Amino acid sequence: MDSTVGKNVWKVMLPPQEGPGPVNITVATGNESLTITNVMFGDVWLCSGESNMQFTLSMVFNESEEIADAINFPDIRLFTAAQEWSNNIEYDLLGVEQYWSKPNRDSVGHSDWTYFSAVCWLYGKYLYKQLQYPIGLIAADWNATSVQAWSSEDAINACQPSRTGSLVPAYPPQNTPTYLWNAMIHPFLNLTIYGVIWYQGESDIYSPPDIYKCRFPAMIDDWRKKFNEACQTDILFPFGSFRSDVVFLRIAPSGP
């Protein structure tokens with residue numbers, strides 16, 4: 001239990017497991033208990049960014065084949081955070097669009113722009129084929145959002161000039177600096193992740209190149225630092241960044 005944040009936030013650290021599962025986990029206190037069933041142990045990846053990450057499997061060219069094939073990967077788990085923004089740091093998600101699910105026709109191909117992220121699914125499917133152990137995929141994305149919206153106050157303050165709003169004209173609340181970090185990323189800090197894949201950049205076309213050149217690495221370094229401090233996530237966790245013509249992999253944070 002951690003009350004240093006001004007509220008009670010608790011977490012459980014499990015010892016290393018001998019196998020991937022599935023197992024059932026029961027939490028009990030007094031006369032009440034809650035059992036979580038069909039839990040797997042493996043690598044969890046966070047998939048975030050804007051429209052190219054939100055783009056769903058139902059919208060790809062060979063969607064029928066991909067959706068039908070999903071049932072063949074029962075050791076992959078899927079989760080989609082609801083699109084919520086907040087001007088305060090949140091310690092729990094304000095909404096969930098898709099709770100942890102096994103792959104099936106609905107969980108991977110629900111409907112356009114809902115769930116599941118095509119890039120996230122295809123990446124996780126590739127990883128599973130290579131590694132042959134459970135993969136957890138979390139989609140936390142929102143189309144037409146800037147890097148500042150996904151950045152904490154610390155990351156924003158690391159760059160010049162400081163801004164009170166997004167550089168995108170007529171920005172909505174979800175594009176305001178820190179608002180998506182607060183509501184859609186910060187609640188995951190107590191979850192140990194293996195890495196992040198990121199697909200974003202188009203909404204920052206109004207930013208001077210040297211400003212984005214600072215903001216994006218600052219966000220990466222800050223995510224790594226905060227995930228490491230909150231849980232046992234490796235401070236050098238891989239952060240893969242996609243664009244339409246190239247893939248970047250930031251192996252280590254900048255600075256010492």
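This is a predicted model: local features need pLDDT of at least 70, side-chain atom pairs count only at pLDDT 80 or more; totals for chains, interfaces and linings use all residues.
1. You will find G42 in the loop that links β2 (32-39) to β3 (43-49).

2. It is worth checking what surrounds this glycine. If neighbours within four places in sequence are left aside, G42 is in contact with Y133 and P134.

3. Next, have a look at V27, which sits in strand β1 (residues 23-29). With a relative accessibility of 38%, V27 is partly exposed as well. V27 also belongs to a nonpolar patch on the surface, where W10, V12, L14, L34 and I36 are the other members. Together the patch residues have about 600 Å² of accessible area.

4. Strand β4 (residues 76-81) gives a contrasting picture. Six of its six residues are buried, so β4 is largely enclosed by the rest of the structure. In general, the side chains of a regular strand alternate between the two faces of the sheet. In β4, I76, L78 and T80 point one way, while R77, F79 and A81 point the other way, and all of them are buried. Please note that R77 is among these buried residues.

5. Which strands pair with β4? One partner is strand β6 (residues 135-141), which pairs with β4 in the parallel sense over five bridges. Within this pairing, R77 stands opposite G136. The other strand to mention is β5 (residues 96-101), which runs antiparallel to β4 and is joined to β4 by three bridges. Here, L78 has S101 of β5 as its bridge partner.

6. Finally, some totals for the chain. The secondary structure consists of seven helices and nine strands. The chain has 256 residues, and 46% of them count as buried. Of the contacts between residues at least 6 apart in sequence, 71% join residues at least 24 apart. The chain exposes about 13400 Å², and carbon and sulfur atoms supply 54% of that area.

Methods:
Residues are numbered from 1 along each chain as its sequence is written. Side-chain values use heavy atoms; hydrogens and water are left out. Patches are made of residues with over 30% relative accessible area and no salt bridge: like charges are joined within 9 Å, nonpolar side chains (Val, Leu, Ile, Met, Phe, Trp, Tyr) within 5 Å. Accessible areas come from the Shrake-Rupley method with a 1.4 Å probe; for residues, only the protein chains shown count as cover. A salt bridge is a side-chain nitrogen of Lys or Arg within 4 Å of a carboxyl oxygen of Asp or Glu. Helices (H or I, at least four residues) and strands (E, at least two) are DSSP runs, numbered from the N terminus. Buried means under 20% relative accessible area, exposed over 50%, partly exposed in between (1.4 Å probe, protein chains only). Contact means heavy atoms within 4.5 Å. Two strands pair if DSSP finds at least two bridges between them.
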